[in-house]
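Look at the sequence and the structure before reading on.

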Amino acid sequence: MAPPIPHLAVRGSDGTVLLRGPPNCEESPTFHRDERQSRYVTFSRDGTLFGWCNGEKVSVIKVADGDLVKSFDLPKTTMLEFSPLNKVLVTWKPYSKSQDNPQGEANLQLWDLQTGNCTKAFYQKKLEGWCPGWADDESVAVRCVNNELHFFENNNFETIANKLHLQKVSDFALSPGNQPSKVAVYVPGSKGAPSFVRLYQYPNFSGPTSALANKSFFKADKVTMLWNKRASAVLVTASTEVDKTGASYYGEQTLHYLATNGDSAVVQLPKNGPIYDVIWSPNSSEFCVVYGFMPAKATVFNLKCEPIFDFGTGPRNAAFYNPQGHILVLAGFGNLRGQMEVWDVKKYKQVSKPQLADTTFFSWCPDGEHIVTATCSPRLRVSNGYKIWHYTGTVLYKQDTPAGKELWEVVWQPFLPGTFPEKAVKYQAVASELGSTEAKPTQAYRPPALRNKPEGSSTKLHEEEPPQNMKPGAGDKQMSKAALKNQRKREAKKAAKQENKSDDVPTPPSEPPPTRQAPVESTHGDPETDKKIKNLKKKLKAIDELKEQQAAGKQMQKNQLEKIQKEAQLLKELENLELGLLWTPSFQKHYYTQGFELKTEEKNRPKHQNLVDLNGPSDRVYTDSARLNQPFGNPVMPVKKKRKSSGSEDPSIRKCKISSYCRTQTPGRLINPEDQFSSKKCLAWFYEYAGSDDVVGPEGMEKFCEDIGVEPENIIMLVLAWKLEAPNMGFFTKEEWQKGMTSLQCDCTERLQSKLDYLRSQLNDAAVFRNIYRYAFDFARDKDQRSLDMDTTKSMLALLLGRTWPLFPVFHQFLEQSKYKVMNKDQWYNVLEFSRTVNSDLSNYDEDGAWPVMLDEFVEWYKARQTL
């Protein structure tokens with residue numbers, strides 16, 4: 001059976017029309033052009049229905065034969081959308097009030113397409129997020145109302161089936177597919193607390209512990225959340241309006257990955273600058289990111305956030321996968337010249353490189369072979385028109401808008417997945433009378449003084465980076481590492497000779513810097529540590545190559561110079577990791593039996609005294625039974641017992657017992673016991689994160705948490721703030737830092753990392769935990785308020801009691817439905833005492849006790865639930 005022919009809807013100042021194509025585009029005989037100016041056009045998700053509003057009415061027809069399905073007398077409608085199964089039509093008009101109706105009219109209406117009746121009307125003042133979200137089978141629908149999400153089931157909008165209420169939900173994204181539905185919610189930060197995105201599975205919304213995944217960040221004024229088609233992961237682009245470093249006019253962006261299995265990561269982008277576009281591949285196993293200052297880079301990543309293929313640099317700001325997922329277009333639209341690169345992503349081979357200037361719109365045809373590009377108003381009010389072309393660069397159809405007219409929108413008719421099968425990629429341009437849009441090669445302008453000289457890197461404004469396959473082992477089959485290294489040396493020397501010859505300045509050839517001898521490969525048993533060591537060695541190797549090019553006279557870019565400057569830091573990190581990797585019992589035996597000696601000043605010291613006790617004062621001896629075994633003499637103090645790991649958990653990875661959002665930590669570097677605490681070093685450490693006002697603010701706090709390997713919402717950060725006696729959430733002053741870190745004897749990141757177990761152990765002391773719990777009340781509340789607002793209360797209680805109090809999930813539900821909007825200090829203190837003294841079955845609860853009324857009501861509510 002031949003596949004169907006897609007339609008193209010065209011909306012402009014001269015009306016609305018449906019075209020049948022490609023390749024031969026002609027007006028559909030089943031649709032008569034509507035000469036009136038339409039405000040909005042849309043197809044249903046399966047492409048069978050077409051709807052539009054023209055200022056008089058809303059019409060819905062069948063695309064196949066043009067039969068009218070329904071017509072609604074709604075002259076003010078400006079937006080409309082179909083539900084996934086075409087059961088409901090949603091219309092929206094601007095909200096307005098009048099003297100006769102000061103409350104205004106409900107402007108979001110839901111219509112039954114079978115009966116034509118309005119089933120429900122809502123108030124929706126903002127255009128942003130106007131349309132409800134549906135699961136593909138319409139079993140669940142969701143709206144964001146007053147900072148909470150309302151869920152409806154089976155298109156019954158009269159009854160709210162479920163609610164998700166967080167501090168201030170700003171945005172959400174419902175996963176594609178059928179049940180079980182998942183939802184990603186974004187809550188902006190406030191009062192020094194970080195912003196966060198959480199993933200939930202409907203209808204499991206009982207507190208923060210029910211979240212599938214969580215990611216927090218300080219630098220976020222708004223976010224964009226993008227699910228893959230399998231609903232297994234979501235990409236979150238966090239953006240700030242202003243880049244405080246002044247590096248970018250467009251603010252600052254970071255890209256985060258969250259998976260429904262709980263994994264989360266920051267996608268590391270090797271080039272600084274804005275993130276222009278992020279797109280999932282239709283296969284849901286990889287995604288493409290366009291980023292960096294112009295010329296921008298484009299890179300494909302896998303689900304481990306590892307780069308697979310780098311397309312190099314070029315004038316681009318957008319990426320588009322075709323519906324079948326085997327062709328990718330990288331393009332530069334808007335203020336760029338419209339250059340496009342068409343790639344076969346299975347072979348990572350470029351197919352064509354067309355160029356269409358002044359393009360403002362791009363869309364793949366559902367057949368995966370044809371593309372429409374357009375110049376639309378109001379983005380550009382001149383040269384409006386659209387073109388349909390083949391991905392090999394051939395223009396098949398062209399329509400220019402007449403003078404005095406405007407083109408507003410072009411929309412392809414969608415089809416269900418699988419309608420158009422994947423076809424083999426063609427590299428030969430398809431024949432057409434309109435010719436090809438392939439860009440002609442142009443020579444860059446060169447000043448007269450350089451025109452008779454050979455072209456060198458110094459004459460280029462930007463150093464172009466070629467495409468590169470980033471998969472492990474790619475490109476190493478033809479040449480060995482030594483051959484590749486020698487080839488680079490020869491090329492560098494040749495470039496240096498040409499440069500010296502062109503300048504007519506006899507200079508001795510510069511020797512490339514000595515290459516670093518590759519250390520012996522070793523494994524730790526911890527794949528995370530091995531992976532970090534491998535990545536560090538890879539970066540150091542790249543720095544060696546850059547230094548060779550620099551020595552050969554090649555002009556370095558700013559980001560390349562920054563990489564070279566980080567060499568010492570990377571070497572230090574590698575040394576720390578390898579020390580932690582090598583200092584194992586088996587290596588100790590090898591170390592001493594092979595006759596290695598300590599430093600001269602350490603020869604007379606017992607071998608088991610080479611580590612500082614990181615859990616106490618710096619003058620105590622540290623003896624870790626996991627690293628220093630008994631054969632080296634009796635320790636001078638008892639060996640500390642380590643907490644047993646559950647199951648087959650790797651003991652080298654320490655996780656927080658309280659918070660489920662704790663990053664894995666690699667073993668810290670070994671600290672010489674003679675290196676005493678330094679106040680000067682501690683102050684310098686503070687200024688790595690502090691701003692000009694001598695305060696570590698939200699941005700510095702995020703970097704600080706990243707460096708020590710702890711998420712901002714981890715309870716360890718609360719314990720640290722208590723130790724520093726910090727009164728304000730998200731801020732550390734210089735005085736608080738110096739006083740607190742001095743008491744902890746920490747003057748660097750490694751020392752503080754070694755104290756994390758000690759800080760965590762403070763939570764196991766009942767008296768200390770009570771002090772931390774009471775401190776948390778004043779720490780989290782607004783300083784102009786005497787009580788905690790209920791959203792903050794629930795979050796802090798979840799952090800402090802969520803994993804230790806069996807009744808907490810029930811108490812959380814009680815707070816959700818209760819009348820209480822705040823919690824005062826007396827109630828806060830008594831909740832802790834209640835959790836410690838009252839049994840989980842409430843059998844020893846004294847109704848005549850001096851408990852707050854809130855807890856009496858909780859007990860009454862809980863017992864009533866038990867009897868149902």
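The points below cover two sheets, one after the other. The model is predicted. As background, strands of a sheet pair through backbone hydrogen bonds, in either a parallel or an antiparallel way.

**Sheet with β4 to β7**

- Four strands form an open sheet in the order β4-β5-β6-β7, and their pairing is antiparallel.
- The edges are held by β4 (40–43) and β7 (68–72); each has a single partner strand, so one side of each has no neighbour in the sheet.
- On average, neighbouring strands of this sheet are turned by 10 degrees against each other, with direction ignored.
- Strand β5 covers residues 49–53 and strand β6 covers residues 58–62, and the two pair in the antiparallel sense over five bridges.
- Opposite Cys 53 stands Val 58, a residue in β6.

**Sheet with β20 to β23**

- This open sheet has four strands in the order β20-β21-β22-β23, with antiparallel pairing.
- Because β20 (222–227) and β23 (264–266) stand at the edges and have a single partner strand each, one side of each is left without a neighbour in the sheet.
- Neighbouring strands here are turned against each other by 20 degrees on average, direction ignored.
- Strand β22, made of residues 252–259, pairs with β23 in the antiparallel sense over three bridges.
- His 256 has Val 266 of β23 standing opposite.

Note on methods
Residues numbered from 1 in each chain as written. Predicted model: local features only at pLDDT ≥ 70, side-chain atom pairs only at ≥ 80, totals over all residues. Heavy atoms only, no water. Pairing = 2+ DSSP bridges. Axes fitted to C-alpha atoms, helices over the stretch in contact; angles between N-to-C directions.
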